Amino acid sequence: MHKFKRLFHKSKRSLRRRLPPIKSGDRIAYRNMSLISRFISEQGKILSKRVNRLTLKQQRFITIAIKQARILSLLPFLNNEKQFEKGESTARTAGLRTRNKINRLTLK
């Protein structure tokens, strides 16, 4: 019975430590775009503390710096490149144009 239980025992994880994402010399500021851009997703969202492997204090400073950079238009609020590639925005305007043409024709 003891041998059977040992077979399903989980193996120990490697004790290798990851390097911290922010070094002690790095300054967290809205002007430091190379540092800030590492903590933003492809859609332009701020990544969580767990994903970034940051402390609570570092995460707060990163969040403030990203929001300041967005207000000063150094960073976009949303990254909508995929939307423009598909042509969704042109489809909406085209629909409005055709409606206006139909309305003009019916009024005459």
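A residue is called buried when its relative accessible area is under 20%, exposed when that area is over 50%, and partly exposed in between, with a 1.4 Å probe and protein chains only. By this scale Arg70 is buried, at a relative accessible area of 13%. The structure is a predicted model, in which local features need pLDDT of at least 70 and side-chain atom pairs count only at pLDDT 80 or more, whereas totals for chains, interfaces and linings use all residues. Residues are numbered from 1 along each chain as its sequence is written, and side-chain values use heavy atoms, with hydrogens and water left out.

**Overall architecture**

- The protein chain has 6 helices and 0 strands, where helices (H or I, at least four residues) and strands (E, at least two) are DSSP runs numbered from the N terminus.
- Along the sequence, the elements of the protein chain follow the pattern α-α-α-α-α-α.
- Of the 108 residues in the protein chain, 17% are buried.
- With contact meaning heavy atoms within 4.5 Å, residues 24 or more positions apart account for 50% of the contacts in the protein chain that have a separation of 6 or more.

**Nonpolar core**

- The largest nonpolar core has 11 residues in all, namely Ile22, Leu35, Ile36, Phe39, Ile40, Leu54, Ile62, Ala65, Ile66, Ala69 and Leu75; such a core is a set of buried Ala, Val, Leu, Ile, Met, Phe, Trp, Tyr and Cys residues joined through side-chain atoms within 4.5 Å.
- Helices α2 (33-36) and α4 each supply at least two residues of this core, and the largest share, 4 residues, comes from α4.
- Ile40, one of the core residues, is in contact with Lys45, Leu47, Ile66 and Leu75 when its neighbours within four places in sequence are left aside.

- Arg70 has its place in helix α4, and, leaving aside its neighbours within four places in sequence, Arg70 is in contact with Gly44, Lys45, Ile46, Leu75, Pro76 and Phe77.
- Arg60 is also found in helix α4, but Arg60 counts as exposed because its relative accessible area is 51%.
- The C-alpha atoms of Arg60 and Lys49 are separated by 9.2 Å, the two residues being 11 residues apart along the chain.

**Surface**

- The accessible surface of the protein chain comes to about 10300 Å², of which 56% belongs to carbon and sulfur atoms; accessible areas come from the Shrake-Rupley method with a 1.4 Å probe, and for residues only the protein chains shown count as cover.
- Ile71, Leu72, Leu74, Phe77 and Leu78 make a nonpolar surface patch of about 550 Å². Patches are made of residues with over 30% relative accessible area and no salt bridge, like charges being joined within 9 Å and nonpolar side chains (Val, Leu, Ile, Met, Phe, Trp, Tyr) within 5 Å; a salt bridge is a side-chain nitrogen of Lys or Arg within 4 Å of a carboxyl oxygen of Asp or Glu.
- Phe77, a member of this patch, is found in the loop between α4 (56-71) and α5 (81-86) and counts as exposed at 52% relative accessibility.

**Loop residues with positive phi**

- Arg53, although it is not a glycine, has a positive phi of about 60°; Arg53 has its place in the loop between α3 (49-52) and α4 and is partly exposed, with a relative accessible area of 39%.
- Ser73, likewise not a glycine, has a positive phi of about 60°; Ser73 lies in the loop between α4 and α5 and counts as exposed at 62% relative accessibility.
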